[in-house]
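Please take a moment with the sequence and the structure shown here before reading the briefing that follows. The points after the lead sentences are grouped by topic.

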Amino acid sequence: MDQHLSDIIKRSLSEFHLTSLKSHADGRGAAANRLRLIGVSLVLLFACWFGDWLLVTRILGDGGSGENVSQLKMVLTAHRLVISFGIVLIAFGMYRLAEYKNVDLALKRSSKWFSTTIKSMGAALIAVDTDGNIIFINSVAQRLTGWRLDHAIGRPLTDICKLLHARNRKPYDYGKKLKKVIVDGYVFSIRDAALLESADGNFPYVTGNAAPIKDEQNAIIGAVFVLHDMTEFRKAEEKVRRLAAVVDQAEDIIVITDTAGKIQYVNPSFEARTGYVATDVVDHAASMLKSPYHDDEYYRQIATSLAAGGSWRGRFNLKTRAGGGRWLESLISRIVDRDGNLSNYVSISRDITREIELQNQLTQSQKMEAMGRLASGVAHDFNNILSIIGGFNDLIIADVADDESLLDSANEIAGAVDRASALVDQLLKFGRKDIHKPVKININEKIREMEPMLKRLVKQDIELIFEFDSRIGPLEVDQGQLGQVIMNLTVNASDAIGTAGKITIATREITVVDGLAEYGVNLAEATYLLLAVSDNGSGIDESTLSKIFEPFFTTKDIGKGTGLGLAIVFGFMKQIGGDVQVVSVVGEGTTFNMFFPINPHLPGYCKET
């Protein structure tokens with residue numbers, strides 16, 4: 001019986017030992033091994049209890065001899081040890097079983113999270129086996145490709161994901177790269193957005209990459225293909241690109257600054273109109289573009305309007321790189337970010353310099369026209385009075401022929417009448433109401449004829465230079481009025497120079513396009529002869545330039561000029577359908593540009609090509 005009990009114990013321990021080994025060798029049978037461990041422990045306890053009962057029964061049956069009692073004590077002691085060991089085994093088995101349940105619960109939770117994560121991914125995920133056939137495709141991939149999971153499983157990836165080059169829509173062949181992923185562990189990416197030809201007829205933009213899937217032995221068992229839907233991004237990118245093109249190609253001048261007024265961007269139109277390039281002004285304060293036309297208070301008003309949360313609209317003069325200015329009609333606005341915080345200022349401006357010049361020319365022309373009419377009216381009335389004075393004076397001269405003192409006085413009156421008549425003649429020329437007798441002349445030849453007289457008109461130390469274009473054709477003008485215009489301009493140039501310098505009289509042909517904005521005049525498109533009289537004298541300031549053609553305006557000392565010389569030039573040029581423009585820089589000199597209309601049908605006109 002003891003031997004039988006011992007065999008039971010040995011078999012139980014052996015089974016426990018094998019169970020433990022198997023449990024460590026195969027984690028997947030962990031739960032069964034824990035239950036088997038508890039079962040073995042219970043068998044041990046039952047064997048000990050049953051053995052005790054048999055032993056006690058036999059000893060009592062033998063009358064309870066001393067030898068039997070000693071044997072009973074020894075067996076009971078051994079059984080207590082076995083029972084204790086069994087209890088330990090049961091406790092250990094229960095602990096390991098609970099531990100397994102926790103691990104199993106964690107694994108289930110982890111598996112659930114993994115499944116949820118895969119389903120919730122914003123990217124499309126497709127797994128393939130070593131043959132490139134699909135074994136898994138998540139919901140995003142199903143939406144992008146237009147293939148359901150049950151239809152996609154087992155199909156080649158290249159059949160489900162048909163990629164096209166975005167630029168030309170030619171097939172994007174990635175089959176060879178996918179094979180390298182599966183065979184060699186190669187990783188490849190689609191960096192430039194491609195088009196995915198979806199089964200439902202859509203063409204979303206995608207980027208992506210592919211990588212190998214490896215098992216515990218690092219052997220490749222497939223590949224995972226991840227695609228990112230870039231359609232919305234591409235739409236936003238295209239929107240930004242389109243907006244950038246509008247800004248870059250806009251005729252308006254666009255300037256963006258930060259909140260401190262530091263320039264961050266200027267468009268090409270700004271560069272074309274101001275002469276600056278972007279690198280000249282970016283990261284510099286916008287105050288570098290301030291013009292002397294406005295005082296500090298003007299700019300403070302702009303800043304105050306913007307600081308109050310509004311925008312500013314108005315005109316201001318922008319300093320150019322050459323030092324001049326451009327007149328702008330501007331709107332300056334605030335730019336706020338998504339949180340409503342001020343991030344930038346943007347100025348959108350239209351160049352109105354040409355419009356202002358034309359407006360000033362129109363205003364000046366209207367003023368000159370009004371003054372011309374007034375001068376003509378006054379001249380006619382004054383001429384009538386002079387005629388009466390002259391007539392009666394002639395009678396007086398006849399009556400006092402024998403009285404020398406009275407005759408001298410009468411002759412002085414006659415001289416004054418002649419001078420007044422000459423002044424009236426000038427007024428009539430300014431008013432363009434004198435008789436105009438145009439004849440065909442060659443202006444180069446006319447100026448050559450006047451050369452000796454012109455040299456006598458200028459100071460001795462002034463050099464007179466002639467630069468003629470021999471290709472110019474004839475003009476139809478009143479040569480007397482033309483001669484007076486040339487003399488007036490030459491005398492004015494001489495007076496501006498002072499002691500020594502040079503005067504240049506030049507001629508050339510030009511073709512007017514777009515009103516000849518280069519010269520600041522407004523003429524019909526045609527061919528004109530340009531007569532330019534230049535000097536290197538003191539120049540004319542801007543305030544004087546605005547009034548230079550007004551009758552009776554002069555900067556000369558009292559008694560040294562009538563103020564009609566340039567008014568006559570202006571009136572003559574308008575009378576013949578031409579125009580006059582003056583360019584002057586203080587300290588450098590002045591140029592008068594006169595544009596004479598050319599009649600190409602005149603005999604002798606030959607335009608070289």
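Aspartate 495 counts as partly exposed, because its relative accessibility is 41%, where buried means under 20% relative accessible area, exposed means over 50% and partly exposed lies in between, with a 1.4 Å probe and protein chains only. Its side chain meets that of lysine 459 in a salt bridge of 3.9 Å, N to O. This is a predicted model, in which local features need pLDDT of at least 70 and side-chain atom pairs count only at pLDDT 80 or more, while totals for chains, interfaces and linings use all residues. Residues are numbered from 1 along each chain as its sequence is written, and side-chain values use heavy atoms, with hydrogens and water left out.

**Salt bridges**

- The structure holds 18 salt bridges, each being a side-chain nitrogen of Lys or Arg within 4 Å of a carboxyl oxygen of Asp or Glu.
- Side chains of opposite charge can pair when their charged atoms come close.
- Aspartate 495 lies in helix α15 and lysine 459 in the loop between α14 (443–457) and β13 (462–467), so this pair ties together parts that are 36 residues apart in sequence; helices (H or I, at least four residues) and strands (E, at least two) are DSSP runs, numbered from the N terminus.
- Lysine 459 counts as partly exposed, at 32% relative accessibility.
- Salt bridges that share partners join Arg234, Glu237, Glu238, Arg241 and Arg242 into one network.
- Lysine 235 and glutamate 232 meet through their side chains in a salt bridge of 3.7 Å, N to O, and they are separated by about one helical turn because they are three residues apart in helix α8 (residues 231–249).
- Lysine 235 counts as exposed, at 52% relative accessibility, and glutamate 232 counts as exposed at 57%.
- Arginine 300 forms a salt bridge with glutamate 297, with the closest N and O atoms 3.1 Å apart, and these two residues are separated by about one helical turn because they are three residues apart in helix α11 (residues 296–307).
- Arginine 300 counts as partly exposed at 47% relative accessibility, and glutamate 297 is partly exposed with a relative accessible area of 38%.

**Nonpolar cores**

- In soluble globular proteins, nonpolar side chains tend to be buried together.
- The largest nonpolar core has 38 residues, and those with the most contacts inside it are Ile443, Leu531, Met594 and Phe596; a nonpolar core is a set of buried Ala, Val, Leu, Ile, Met, Phe, Trp, Tyr and Cys residues joined through side-chain atoms within 4.5 Å.
- Helix α15 (residues 479–497) gives the most to this core, with six residues.
- Apart from this core lies another, of 27 residues, among them Val140, Leu144, Ala210 and Ala223.
- Leaving aside neighbours within four places in sequence, leucine 531 is in contact (heavy atoms within 4.5 Å) with residues including Ile443, Ile447, Ile486, Met594 and Phe596.

**A buried asparagine**

- Asparagine 444 lies in helix α14 and counts as buried, at 11% relative accessibility.
- Not counting residues up to four places away in sequence, asparagine 444 touches Phe468, Asp469, Ser470, Ile472 and Thr507.

**Paired strands**

- Strand β3 (residues 162–165) and strand β4 (residues 188–197) pair in the antiparallel sense over four bridges, pairing being assigned if DSSP finds at least two bridges between two strands.
- Leucine 164 has leucine 195, in β4, as its bridge partner.
- Strand β4 also pairs with strand β5 (residues 205–214), in the antiparallel sense and over five bridges, and isoleucine 190 stands opposite glycine 208 in β5.
- Strand β17 (residues 579–585) is largely enclosed by the rest of the structure, because five of its seven residues are buried.
- Seven bridges join β17 to strand β18 (residues 589–597), and the two run antiparallel, with threonine 591 in β18 as the bridge partner of valine 583.
- The hairpin of β17 and β18 has three residues between the strands, and glycine 587 takes a positive phi near 90 degrees in this hairpin.
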